[in-house]
Amino acid sequence: MMKKVQLEGRLNLLNGKVLALLFFEPSTRTCCSFHAAALRLGAGVIPVDVMSSSTKKGESLQDTLRTLACFCNGIVMRHPEKGVFDRMIPYMNETNVSLISGGDGAGEHPTQALLDIFTIMQELGSADNITVTMCGDLRYGRTVHSLSYVLSLFTNVTINYVAPEELQMPQHLADQIAKESSTTQHFYSALSDEILASTDVLYLTRLQRERFCGTENVDEIISSYVITAETLKPLKSTGIVMHPLPRVQELDESVDSHRSCVYFKQMEYGMYMRMALLYAVLG
Ligand code: ASP
């Protein structure tokens, strides 16, 4: 239903509701797709400019949230502090307002995981019985943390984690998946033809430069995983390439016209998924 509205304009399912967008880290897709989703459902939007807000006067995060809660029905927040949403729960419980995560530092990005699963279902028909190869910065890339967990809720999923040692998937997350599901997990330091030949979803992530502490040799790390159309030759014939974007040098533009490219559609699916989410939370 949400996908249909794109063609028809607007659904008045959230008339009279107001959503605040509070982004303390850069964002194009998450911020704009939530904004567009709210507008397409008839809600009003307050895009908070944190640079000119009272945060700059030293206001605590909980006070900023309390303030917005007086004016809005829901708040989408992105913040650099990992785990910040857990810390804010007691304050949000004082209000009737929903706080939605738009990403917390190198922690999680739950709505991206939902749109990624929606993309997989749209493109492959199901997220059961698939092999997903995650490649890139799996340590600081929050999208893969959330996606691997959501994938583990499906049946007969294999996840290959392909990354240099310094950027591998945090062990505690893989351990949690192993404990709670029957998902098969493999760790590799480099992509190979064999891995690609069995891959249904190749999920790439960029190097999260902003989260490095400066001691790592970033350039050397980057050169170890650049995907071009040539690299994809052994990919399973029905395989798809996803990326949460933005891309930097890890995903060459030659892949844009490859049959497997779905990362532009993935952005559009993100708006439909966020419309459904806003309706579920605020409707
Ligand atoms: N846009 C995604 C995020 O906010 C991916 C990225 O920035 O690399 O996590």
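The legends below describe close-up views of a predicted model.

Local features need pLDDT of at least 70 and side-chain atom pairs pLDDT 80 or more, whereas totals for chains, interfaces and linings use all residues. Residues are numbered from 1 along each chain as its sequence is written, and side-chain values use heavy atoms, without hydrogens and water.

**View 1. N and O atom pairs at the ligand.** Ligand oxygen atoms lie 3.0 Å from a side-chain N or O atom of Arg78 and 2.8 Å from one of Arg142. A nitrogen atom of the ligand is 2.9 Å from a backbone N or O atom of Leu245.

**View 2. Leu245 and Pro246.** Both Leu245 and Pro246 are in the loop between β9 (240-242) and α10 (263-282) (DSSP runs, helices H or I of at least four residues and strands E of at least two, numbered from the N terminus). The peptide bond joining them is cis, with omega near 10°. Leu245 has a positive phi of about 60°. Most residues other than glycine have a negative phi, and most peptide bonds are trans.

**View 3. Asn156.** Asn156 is in the loop between α6 (142-151) and β6 (158-162). Its phi is positive, near 55°.

Note on methods. A polar contact is a pair of N or O atoms within 3.5 Å; within protein, one must be able to donate a hydrogen and the other to accept it, and residues adjacent in sequence count only if both atoms are side-chain atoms.
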